[in-house]
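This report describes selected strand pairings and side-chain contacts. The sequence and the structure are shown first.

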Amino acid sequence: MADWRGASEDAGFLEPETYVATGNMIVEAGGTLHEVTARMDAVVKRCGLGDGNKVFVRKPATLRRLVKSNPFPDAATERPGQVGIYFMARARPDFGWVKDYDGSEPIHIEGNHLIVDHGDTEGQSQRLPGIIEKRSGPATARNWNTLQNLARRATERERKSRE
């Protein structure tokens, strides 16, 4: 994580801050989402983290909107570790398959994200993540606790940078 933060700073990202060991980083950067994603993707590759590591960039406002949408409020409160938010790599992923999904997990589409209540089991479904990537393209998932904490921290950083 320290190498990634250092390489990010060297690449011009301001005050890179990793969030525990989740593979998430909060930075300040100029440019479009596409430009920032490409720059960070180059940093990840230079760090030797491998081709399997995709970069998913979101603005603080997007994270706040996702938290606010909370389609599963009871589950998010009672077992936030089992509510997953799937960040999609594609700007317009194909979610047509969701209406026909016959698994036990309720799925909510929020923009180009999926929010899933994995139920009261430990971890997430073994089948669903594979279906999501096969049908909708590359994705990464975080639990509700991580989403809330990232949204809070990114918002705090955004506020400080405006002061």
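In strand S5, isoleucine 115 is the bridge partner of isoleucine 85. The model discussed here is predicted. Strand S3 (residues 83-88) runs antiparallel to strand S5 (residues 113-117), and 5 bridges join them. S3 is also joined by 5 bridges to strand S6 (residues 139-143), again in an antiparallel arrangement; there, asparagine 143 in S6 is the bridge partner of glycine 84.

In a regular strand, side chains alternate between the two faces of the sheet. From S3, Val83, Ile85 and Phe87 point one way, while Gly84, Tyr86 and Met88 point the other way. S3 is mostly covered, with 6 of its 6 residues buried.

Serine 136 belongs to helix H5 (residues 128-136). Serine 136 has a relative accessible area of 0% and is therefore buried. Not counting residues up to four places away in sequence, the residues that serine 136 touches include Met88, Arg90, Pro93 and Ile131.

| Partner of the serine 136 side chain | Distance |
|---|---|
| Tryptophan 97, side chain | 2.8 Å |

The ring centres of tryptophan 97 and tyrosine 101 are 6.0 Å apart and the ring planes stand at 90°, so the pair is edge-to-face. Both tryptophan 97 and tyrosine 101 are buried.

A further ring contact involves phenylalanine 13: arginine 39 lies over the face of this residue, at 4.4 Å from the ring centre.

How values were computed
Residues numbered from 1 in each chain as written. Predicted model: local features only at pLDDT ≥ 70, side-chain atom pairs only at ≥ 80, totals over all residues. Heavy atoms only, no water. Phe/Tyr/Trp six-rings, centres within 6.5 Å; stacked < 30°, edge-to-face > 60°. Buried < 20%, exposed > 50% of the residue type's maximum accessible area, 1.4 Å probe, protein only. Lys NZ or Arg CZ within 6 Å of the ring centre and 35° of its normal. Helix = DSSP H or I, 4+ residues; strand = E, 2+ residues; numbered from the N terminus. Polar contact = N/O pair within 3.5 Å; in protein donor to acceptor, adjacent residues only side chain to side chain. Contact = heavy atoms within 4.5 Å. Pairing = 2+ DSSP bridges.
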